[in-house]
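Here's a quick tour of the side-chain contacts in this protein. Have the structure open while you read, and click along as each residue comes up.

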Amino acid sequence: AAERRCSQREDAVGVCSGKEEEETDAEFPLSVPDGYYAYYEPQVRTPADEISPFFAAMDLLRMPGDLTNAKKTVEDIGTKLVSTRRELTKLENELDSSDTSKYGVDGELFMMRDSCHKIESGKYEYEVCIFGKATQRDIGQKGGGTHLGSWDSLLMENGHRTLKWDKGTKCWNGPARSAEVIVTCGRATKILSADEPETCRYVFTMESPIACDEQFKLNNSL
């Protein structure tokens, strides 16, 4: 029975004879030809392709490069707009919740808040900072200096705005130093002059658009 079984499987090498299948030197193919087991190498579709028209509608769904860039630009502008609106709301809230007298009758000091202005006179450089300090330094000195006073107030005197700093460093056998800035109308904000009319009392003149108001027109018959 076993012999009959083996005779029926003559194509089976080594099954009944006990001989092992001989090794071969056959190599695996490095490429697969088109059509092998229904495999074809992918190709880019061209207008000559018979089924290209069926994919044309799908191509319309792609977003062109220039449109992508435009969309990114719109998104960036939207982000900046949101940030600007947030900053505007913050400034409006700050102005509404603050003491309006701090910024002047018309809120004119709001845009000048925390700004500093300098002038050189003689061997000294003077610096006044709105809502900050007034300082006297030797020309070329980078820091420190003599404290002329801390911000005190904005007053209207004789139709002119006067900015005041007081409680500065005490003079030798004299009063505490103080400073004031008399503001006149001008196109740009800058200090024009520095003077010490009394011991340790410093007076500056400044021109600025904040003084170009209705009172200035009346005073000058404009």
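What follows is a short briefing on ring pairs, salt bridges and a few other spots worth a look. Keep in mind that this is a predicted model. In brief, it holds five aromatic pairs, and the salt bridge count comes to eight.

**Aromatic pairs**

- Start with Tyr126 and Tyr202, a tilted pair with 6.0 Å from centre to centre and 45° between the planes. Tyr126 sits in strand S2 (residues 124–129) and Tyr202 in strand S8 (residues 201–208), so this pair links distant parts of the chain, 76 residues apart.
- Both of those tyrosines are tucked away: Tyr126 is buried because its relative accessible area is 8%, below the 20% cut-off, and Tyr202 counts as buried at 4%.
- Now look at Phe131 and Trp151, whose ring centres are 5.1 Å apart with the planes at 80°, so this pair is edge-to-face. Phe131 is in the loop between S2 and strand S3 (133–138), while Trp151 is in strand S4 (residues 146–157), so the pair ties together parts that are 20 residues apart in sequence.
- Phe131 and Trp151 are both buried.
- Ring pairs also join Tyr124, Tyr126, Tyr202 and Phe204 into a cluster.

**A charge over a ring**

- Arg113 lies over the face of Phe110, 4.2 Å from the ring centre.

**Around His117**

- You'll find His117 in strand S1 (residues 116–121), and at 12% relative accessibility it counts as buried.
- His117 and Val128 are eleven residues apart in sequence, with their C-alpha atoms 5.5 Å apart in space.
- Leaving out residues up to four places away in sequence, His117 touches Met112, Tyr126, Glu127, Val128, Ile130, Thr189, Ile191 and Met206. One of these, Tyr126, also belongs to the ring cluster.

**Salt bridges**

- Arg161 and Glu108 meet through their side chains in a salt bridge, 2.7 Å from N to O. Arg161 is in strand S5 (residues 160–167) and Glu108 is in the loop between helix H3 (65–97) and S1, so the bridge ties together parts that are 53 residues apart in sequence.
- Both Arg161 and Glu108 are buried.
- Glu180 and Arg201 form another salt bridge, at 3.5 Å from N to O. With Glu180 in strand S6 (residues 178–185) and Arg201 in strand S8, the pair ties together parts that are 21 residues apart in sequence.
- Buried or partly exposed: which is Glu180, and which is Arg201? Glu180 is buried, with a relative accessible area of 11%, whereas Arg201 counts as partly exposed at 26%.
- Lys190 bridges to Glu207, and their closest N and O atoms are 4.0 Å apart. Lys190 belongs to strand S7 (residues 190–198) and Glu207 to strand S8, so the pair ties together parts that are 17 residues apart in sequence.
- Lys190 counts as partly exposed at 43% relative accessibility, while Glu207 is buried at 19%.
- Salt bridges with shared partners join Lys164, Glu180, Glu198 and Arg201 into one network.

- Val32, Tyr36, Tyr37 and Tyr39 make a nonpolar surface patch of about 500 Å².
- Tyr39 is in the loop between helix H1 (2–7) and helix H2 (52–59). Its relative accessible area is 41%, so Tyr39 is partly exposed.

Note on methods: Residues numbered from 1 in each chain as written. Predicted model: local features only at pLDDT ≥ 70, side-chain atom pairs only at ≥ 80, totals over all residues. Heavy atoms only, no water. Phe/Tyr/Trp six-rings, centres within 6.5 Å; stacked < 30°, edge-to-face > 60°. Helix = DSSP H or I, 4+ residues; strand = E, 2+ residues; numbered from the N terminus. Buried < 20%, exposed > 50% of the residue type's maximum accessible area, 1.4 Å probe, protein only. Lys NZ or Arg CZ within 6 Å of the ring centre and 35° of its normal. Patch = residues over 30% accessible without salt bridge, like charges linked within 9 Å, V, L, I, M, F, W, Y side chains within 5 Å. Areas by Shrake-Rupley, 256 points an atom, 1.4 Å probe, with all protein chains shown as cover. Contact = heavy atoms within 4.5 Å.
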